[in-house]
Amino acid sequence: QRMDQFEFVLVLVSIIIGLALTELLSVLARILRKELDGGLLHSLWMLHVGVMLVQQFWSRWVVASKPDWSFTDLAVFLLPALLAFLAASLLSPSGDGEITDIDQSFVERRRSFFAVMILLMGTYSLEDRVLHGGHALWVDGTRLAIALLFLWAAVSAKRRVQLTVAVVTTVVMCVFAFGWTRSLSFLSTIG
């Protein structure tokens with residue numbers, strides 16, 4: 001049986017998300033092998049990005065019945081996965097030097113990470129408009145609030161700010177992901 005267009009584009013997204021998860025798991029393996037000392041802040045961001053990656057893959061099924069795909073649709077469909085891969089890669093400390101404090105290393109390199117995360121918030125809204133025809137206004141409001149928190153974390157190197165943004169946004173991401181699961185399960189029972 002032939003693949004439909006959704007299955008075809010999902011393969012590429014799956015590879016990208018799989019590579020991003022590999023980045024996170026590689027860092028976790030380095031921590032477990034005691035090559036790196038884990039830190040609370042870095043661990044929270046790894047959890048956040050890990051949940052985001054799995055939720056991204058899970059949410060792709062909403063467009064499974066889309067009959068026709070343009071190049072624009074494909075590009076908008078791929079962009080969040082590509083940015084999420086960059087976010088996961090930026091959480092991976094380079095192997096060049098000895099990292100004594102993974103949290104401090106993250107704070108020193110935080111601007112690139114948060115720039116990618118801010119772009120992701122905008123990309124999610126773009127994807128909703130292009131592939132889904134829009135969504136509720138509160139979703140964009142939530143994404144804007146999260147983007148502003150990311151901006152705050154990009155500007156401030158204070159540990160309290162970094163931890164606050166990490167905890168708040170990770171909790172929001174987890175609540176959203178688990179709520180999305182219930183919504184998708186409900187939709188599959190009626191359609």
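User: Why is V11 called partly exposed in this predicted model?

Analyst: Its relative accessible area is 40%. Buried means under 20%, exposed means over 50%, and partly exposed is in between. The value for V11 is 40%, so V11 is partly exposed. V11 lies in helix 1.

User: Which residues does V27 touch?

Analyst: Leaving out residues up to four places away in sequence, V27 touches L36, H42, M46, L91, S92, P93 and I102. Take M46, which is 19 residues from V27 along the chain. The C-alpha atoms of V27 and M46 are separated by 9.0 Å.

User: Why is the contact between R60 and E127 called a salt bridge?

Analyst: The closest N and O atoms of R60 and E127 are 2.0 Å apart. The rule asks for a side-chain nitrogen of Lys or Arg within 4 Å of a carboxyl oxygen of Asp or Glu. The pair R60 and E127 meets it, so it is a salt bridge. The pair links distant parts of the chain, 67 residues apart. R60 is in the loop between helix 2 and helix 3, and E127 is in helix 5.

User: Are R60 and E127 buried or exposed?

Analyst: R60 has 2% relative accessibility and counts as buried. E127 has 7% and is buried. The cut-off is under 20%.

User: What makes R159 and D103 a salt bridge?

Analyst: Their closest N and O atoms are 3.3 Å apart. The limit is within 4 Å, so the pair R159 and D103 counts. R159 lies in helix 7 and D103 in helix 4, so the pair ties together parts 56 residues apart in sequence. R159 is partly exposed at 44%, whereas D103 is buried at 5%.

User: How do you know that D140 and R129 form a salt bridge?

Analyst: The N to O distance between their side chains is 2.6 Å. The cut-off is within 4 Å, so the pair D140 and R129 passes. D140 lies in helix 6 and R129 in helix 5, so the pair ties together parts 11 residues apart in sequence. D140 counts as buried at 18%, and R129 as partly exposed at 47%. Salt bridges that share partners join D128, R129, D140 and R143 into one network.

User: How many salt bridges does the rule give?

Analyst: The count comes to 8.

User: Why is Q162 called buried?

Analyst: Q162 has a relative accessible area of 0%. Buried means under 20%, so Q162 is buried. Q162 is found in helix 7.

User: What lies 2.6 Å from a polar atom of the Q162 side chain?

Analyst: The backbone oxygen of S156 does.

User: Which residues touch Q162?

Analyst: Not counting residues up to four places away in sequence, they are L41, W45, F106, V107, R110, F114, A153, S156 and A157.

Key
Residues numbered from 1 in each chain as written. Predicted model: local features only at pLDDT ≥ 70, side-chain atom pairs only at ≥ 80, totals over all residues. Heavy atoms only, no water. Helix = DSSP H or I, 4+ residues; strand = E, 2+ residues; numbered from the N terminus. Buried < 20%, exposed > 50% of the residue type's maximum accessible area, 1.4 Å probe, protein only. Polar contact = N/O pair within 3.5 Å; in protein donor to acceptor, adjacent residues only side chain to side chain. Contact = heavy atoms within 4.5 Å.
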